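Please look over the sequence and the fold shown here.

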Amino acid sequence: MAPTVPTAGHTDPAIIRNFCIIAHIDHGKSTLADRMLQLTGLVDDRSMRAQYLDRMDIERERGITIKSQAVRMPYEKDGQPYVLNMIDTPGHVDFTYEVSRSLEACEGAVLLVDAAQGIEAQTLANLYLAIDADLHIIPVLNKIDLPSAQPEKYAAEIAGIIGCDPSEVLKVSAKTGEGVRELLDHIVAEIPAPVGDAEAPARALIFDSVYDTYRGVVTYVRVVDGELSHRERILMMSTKATHEVLEVGVISPEPKKVDRLAVGETGYLITGVKEVRQSRVGDTVTSAVRPASEALSGYQHPNPMVYAGLYPIDGDDFPVLREALEKLQLNDAALTYEPETSGALGFGFRIGFLGLLHMEIVRERLEREFNLDLISTAPNVVYRVIMEDGSEHIVTNPSEYPTSGKIAEVHEPVVKATILAPAEYIGTILELCQTRRGIQQGLDYLSEDRVEIRYELPLAEIVFDFFDALKSRTKGYASLDYDEAGEQAADLVKVDILLHGDPVDAFSAIVHKDKAYAYGIAMAGKLKELIPRQQFEVPIQAAIGARVIARETIRAIRKDVLAKCYGGDISRKRKLLEKQKEGKKRMKMVGRVEVPQEAFVAALSTGEGGGKDKGEKK
Ligand SMILES: Nc1nc2c(ncn2[C@@H]2O[C@H](COP(=O)(O)OP(=O)(O)OP(=O)(O)O)[C@@H](O)[C@H]2O)c(=O)[nH]1
C-alpha cells in the first residue's frame, strides 16, 4: 500500500527529494523507473507494463503528451512519508546546456551504469555536469543478474571516477527488482531536501518544454521560491512575455491537476503557448503581479554550431518540407532554418543544428514522420572570416565565403572531445585524432583495460564522419562526447568543384589547406564515376579561387551513337525521347551538363556511406 501522499502544493520541502537518473541508452533507465513506480505503489502490479513512462506519450490518455519528465512518487521509510520527484533529462542528449538545466532542478543524481558494459562517454560528461552542479551522486551498477556482469571491475572504475570506495557503489537489477528498495532508501537518506523561500516572489526553473498537439506547450518546472498557482498570470523572465496559467499539475504517474506548486516541487504548467521557443528550457518563470527581481542562473540562448542544406529529392516535396520544418520547430526551440536555392539541388533549406546528434535526429524525424526523401549537403561549422580591412564575415555556408578582398584570418570552432574505449584501441584512436588535426589533452586508465582519451579537435573535423570512423576502428566499443571550447585561427581555404567550367555549389567546401588537395581529388574522382558521359567532353575540376588543384575528364559519347539518335525517323526519335523522359525528370542541368540526381546523392554521402554505395553496386 502506498503511504498517504501529501498533496502537491502543500508538501513540506523537508520530505521532498528531487533526483534524476544519469545513464547511457540501454543501461536500463526505463526499467529502473518501472521498478520504482511499482515499489512506491504508484502503479500496481496488474497495471504495470514495461517502460510505463515511455509509453504514455503514445497513448495520450488525456490528450497531453507526458514523458517521464517529472514523476512524483510517494515513499515511506521507517514510517515517515516522503515525496520523491524523479526528473528526466531532455530527450536531446547532445544539448549539454539543456541537460545542465534539468540537473539544476535536482539535488541528487543516480548514476546508473550497466554492469556488463561500464560507463560511456556521454554518461561521464553528464556525470561531470552533475558534479559541477553540486548534486549528490549515488553510483549504481545495473543488470547484476546478467551472467556477463562484472560488478567488481566496474564498481572499481566508477569509484575511481567519482572518488568513493568501490563498496559504496550500489548493485541492482532493474529487471528482477533486486536492490531497488535499498536504492530508494539511499535516495531518501543521502539526497538533501530542497531549500527555498516560501514567502519570496515565485521563481521556477523551466527544465523541459514539450509541444502537444492538443494542449499547446506543456512546460515542466521546478519551483525554487514562492509558489505558482492555477489561473495566476506568470512572466517568462527572458522574453518578458506574460501568460495565464490554465493548468498546473503533477505527473503521478498520470497527469493530475493541482491548485498550486510550492517550494521544492516539480510539475507542469499549461499556458496556451503554442511554440516551445516561447517557453524555453533554462528560463525562469515568475509571477507577473509580483515578479522576482533576479532570474535563476543565466539563461542561455541556444546557438547553432553546425549548418547543412537539406533538399527534397523530389522537387515537388519542397512545400511538404517547409511545413514539416514549421511543425518540428514548434517542438524544438533550437532548430533554425531559412530557404536557400542551389543550382545543383534546387529549392531547399539551410538548417542550423546544435550538434551532430541534433542534426541526425532532425533529419530522421523529417524523413520518418513526414515521409520525405532528403539530400543533405556536407555539414559545415560556423567560420569567422576577418578581412585585411578589418571587416568580419560570419560564414555558415561555403557560398558565403568572401571571394573579393584579402582575407587576413579565418577562425573555426574547436571542441574538447572525450573518448572512452578499451585500451587495445588506443593506437588507432590516437591516429584518427591526429589525422583530424587533434591536439591530445590527456589519457587516463579507468581500469586496467579501459581508457579515457581527451583531445581538442576542430569541430569541422568531427562533424562529418568522425563518429562512424571511430566506431568502425573500435568495433563499436568506443563512445564519444564533446563540448564547445572556443575557436582558433586556422589555415582554411574554399575548394570549388567545377563541371565544364561551372561551379557546383552543393560540392563547395571550406577545408584545411593540407586537405584541400585530397578533397578535390576525391570529389572529382567520385563525380567522374557517377556522371554519365555527355555528347561532349566534360572536365571536372577542383579549384581554390582561380587555381585548379585537381582534374578529371568525362569523355564524350562516341559520335555514331549520336548520329543514330538524331538522324532517325521522327516516330523512332519520339519513342526514344519518351523512354528517356522518366530519367530526364531526375536530371539536373549544371551549365550544359546533365547530372542525374543520384550522382549528387551518392557524391554527398559520407566517406563510409559512399564506400557502401559502391559496394552495393557490385
Ligand atoms: N538482464 C537485465 N536486463 C535489464 C536490466 N535492466 C534493464 N534491462 C534490459 O536492458 C534493455 C534496456 O533497458 P531500458 O530500461 O529500456 O534502458 P534505457 O536506458 O531506458 O534505454 P532507452 O529507453 O533506450 O534510453 C532492455 O532490454 C531491458 O529489459 C537488468 O537489471 N537486468
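**The chain.** This is a predicted model. The chain has 618 residues, and 44% of them count as buried. Its secondary structure comes to 16 helices and 34 strands.

**The core.** In soluble globular proteins, nonpolar side chains tend to be buried together. Here the largest nonpolar core holds 174 residues. A109, L111, L228 and I419 touch the most other members. Strand β24, residues 407–422, gives the most to this core, with seven residues. Take A109 as an example. Leaving aside residues up to four places away in sequence, A109 touches F19, C20, I22, L103, A130, L135 and I137.

**Helix α1.** Is this helix mostly covered or mostly open? Helix α1 spans residues 29–39 and is mostly covered, with eight of its eleven residues buried. The buried residues are K29, T31, L32, A33, D34, R35, M36 and L37. Charged side chains are on that list too, including K29 and D34. Just after α1, G41 takes a positive phi of about 80 degrees.

**Two helix pairs.** Two packed helices are described by the angle between their axes and the distance between the axes. The table sets out both pairs.

| Pair | Residue ranges | Axis angle | Axis distance |
|---|---|---|---|
| α1 and α6 | 29–39 and 180–190 | about 80 degrees | 10 Å |
| α9 and α11 | 426–435 and 466–473 | roughly 160 degrees | within 10 Å |

How does α1 lie against α6, and which residues make the contact? The angle of about 80 degrees makes α1 roughly perpendicular to α6, because angles of 65 to 115 degrees count as such. On the α1 side, the contact uses R35, M36 and L39. On the α6 side, it uses V180, R181 and L184. These contact residues divide into four nonpolar, no polar and two charged.

The second pair is α9 with α11. Their axes cross at roughly 160 degrees. An angle over 145 degrees counts as roughly antiparallel, so α9 and α11 are roughly antiparallel to each other. The crossing of α9 and α11 is right-handed. From α9, T428, I429 and L432 make the contact. From α11, the partners are A469, L470 and R473. The residues of this contact of α9 with α11 divide into four nonpolar, one polar and one charged.

Note on methods: Residues numbered from 1 in each chain as written. Predicted model: local features only at pLDDT ≥ 70, side-chain atom pairs only at ≥ 80, totals over all residues. Axes fitted to C-alpha atoms, helices over the stretch in contact; angles between N-to-C directions. Helix = DSSP H or I, 4+ residues; strand = E, 2+ residues; numbered from the N terminus. Parallel < 35°, antiparallel > 145°, perpendicular 65-115°, else oblique. Left-handed = near helix turned anticlockwise from the far one by under 90°. Contact = placed C-beta atoms within 7 Å. Core = buried A, V, L, I, M, F, W, Y, C linked by C-beta atoms within 7 Å. Buried ≥ 20, exposed ≤ 12 C-beta atoms within 10 Å, placed from the backbone.
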